[in-house]
Amino acid sequence: MKYSIASLFAGLLFGLGLIVSGMANPEKVLGFLDIAGLWDPSLAFVMGGAIIVGIVAFTVARRRTLSFLGFNMKVPSHNHIDKRLVLGSLVFGVGWGIAGFCPGPGLVALGAGEAKAAVFVASMVAGMAIFEIIERNRAKS
Amino acid sequence: MIDIAWSHFTPWSALAGGILIGLAAASFLLLNGRIAGISGILGGLLSPSRGDIAWRIAFLVGLIGAPAVWWLGGEWPAIRIEAGYPALIIAGLLVGLGTRYASGCTSGHGVCGLSRLSPRSLVATLSFMAAGFITVYILRHALGV
């Protein structure tokens with residue numbers, strides 16, 4: 001229960017951050033990705049602000065084996081750079097560039113009642129489901 | 001030469017929102033011991049295991065509920081989606097597939113991964129940023145869509 005309440009809080013704060021920063025608006029994200037047009041550097045400032053806080057948090061987290069609520073720390077430790085990582089990121093980037101949506105902002109825009117965001121999110125979930133099916137068949141063979 | 005869109009550039013709200021996102025990732029990490037990676041939180045629901053469902057749904061409810069909470073302060077967030085429906089479907093499929101293969105998106109690799117100085121996340125972030133820049137260049141300037 002504690003775990004879910006903390007998750008709800010983090011999700012809400014994340015969503016509010018996306019709204020305040022303007023990143024829930026795909027027009028603004030595309031303004032950042034359009035270097036050859038009139039460039040809006042805002043997204044870099046969003047990443048900068050988030051990473052400054054994040055570095056502090058991870059520095060604290062590294063010294064702990066349990067979280068402040070007493071749960072195991074589940075920070076990924078694998079560090080191999082492979083084809084899946086690079087190709088997957090490239091595919092993601094193409095989709096990001098087409099609509100200006102990555103997963104978080106897509107969900108926030110859905111919550112704002114945007115029909116187009118609902119279509120994006122449904123397609124994104126379908127893409128994730130295709131991944132699950134491919135991976136399950138691979139595991140079987 | 002890069003021309004900056006000064007009339008659209010919002011450094012202070014971007015920085016403030018970024019700090020909120022950082023605080024969200026920090027609280028998730030320090031309270032629950034997890035990385036706030038949105039594609040992973042959502043995608044994990046498609047191969048559910050016992051005791052691993054409620055917290056994912058809670059996080060997503062918070063995220064999706066953010067506009068309603070924001071509205072309590074007086075207005076809906078400004079959102080303009082220029083892409084048409086076919087483009088949104090293709091974009092969604094690519095984002096869903098790509099983020100799962102890469103085990104992360106802008107939040108997991110971009111914010112959390114760079115915060116913990118992970119070389120893997122740096123490679124992922126540079127890859128999806130590069131692909132995003134090139135895609136927008138091709139669509140807007142080469143094809144003029």
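User: What are residues 53-72 of chain B, helix or strand, and how far apart do the end C-alpha atoms lie?

Analyst: In this predicted model, the span is 95% helix and 0% strand. Its end C-alpha atoms are separated by 29 Å. According to an unreviewed UniProt entry, the annotation "transmembrane region" applies to residues 12-32, 53-72, 84-102 and 122-139 of chain B. Residues 12-32 of chain B are 100% helix and 0% strand, with 30 Å between the end C-alpha atoms.

User: Which residues of chain A does the UniProt annotation "transmembrane region" cover?

Analyst: The annotation, again from an unreviewed entry, covers residues 42-64, 85-111 and 117-134 of chain A. In the model, residues 42-64 of chain A are 91% helix and 0% strand, and their end C-alpha atoms lie 34 Å apart. For residues 85-111 of chain A the figures are 89% helix, 0% strand and 30 Å.

User: How many helices and strands does chain A have?

Analyst: Chain A has six helices and one strand, arranged along the sequence as α-α-β-α-α-α-α. Its C-alpha atoms occupy a box of roughly 45 × 45 × 30 Å along the principal axes. Of its 141 residues, 56% are buried.

User: Why is B:P48 called exposed?

Analyst: The term applies to a residue with 12 or fewer other C-beta atoms within 10 Å of its own. B:P48 has 10 such atoms, and it therefore counts as exposed. B:P48 is placed in the loop between α2 (38-43) and α3 (54-72) of chain B. From B:P48 to B:I90 the distance is 26 Å, C-alpha to C-alpha, across 42 residues of sequence.

User: What makes α1(A) a mostly covered helix?

Analyst: A residue is buried if 20 or more other C-beta atoms lie within 10 Å of its own. In α1(A), 15 of the 20 residues are buried, and the helix is accordingly described as mostly covered. From first C-alpha to last, α1(A) reaches 28 Å, close to the 28 Å expected at 1.5 Å a residue. Just after α1(A), A:G22 adopts a positive phi of about 85°.

User: How many residues of chain A are in contact with chain B?

Analyst: There are 105 residues of chain A in contact with 105 residues of chain B. Of the side of chain A that touches chain B, α1(A) supplies the largest share, 18 residues. That side divides into 71 nonpolar, 26 polar and eight charged residues.

User: What joins β1(A) to strand β1 of chain B?

Analyst: Two bridges join them, and the strands run parallel. Two strands pair if at least two bridges are found between them; with two bridges, β1(A) and β1(B) therefore qualify as a pair.

User: Which residues touch the most other members of the largest nonpolar core?

Analyst: The largest nonpolar core has 92 residues, and those touching the most other members are A:V108, A:F120, B:I21, B:A24, B:A25 and B:A91. Helix α1 (residues 11-32) of chain B gives the most to this core, with eleven residues.

User: With which residues is B:A91 in contact, leaving aside its neighbours within four places in sequence?

Analyst: The partners of B:A91 are A:G95, A:I98, A:A99, A:F101, A:F120 and B:A83. Contact requires C-beta atoms within 7 Å, so each of these partners has its C-beta atom within that distance of the one in B:A91.

Key. Residues numbered from 1 in each chain as written. Chains lettered and ligands numbered in written order. Predicted model: local features only at pLDDT ≥ 70, side-chain atom pairs only at ≥ 80, totals over all residues. Contact = placed C-beta atoms within 7 Å. Helix = DSSP H or I, 4+ residues; strand = E, 2+ residues; numbered from the N terminus. Nonpolar A, V, L, I, M, F, W, Y, C, P; charged D, E, K, R; others polar. Core = buried A, V, L, I, M, F, W, Y, C linked by C-beta atoms within 7 Å. Expected span 1.5 Å × (residues − 1). UniProt positions renumbered as here; feature names shortened; annotations may be inferred.
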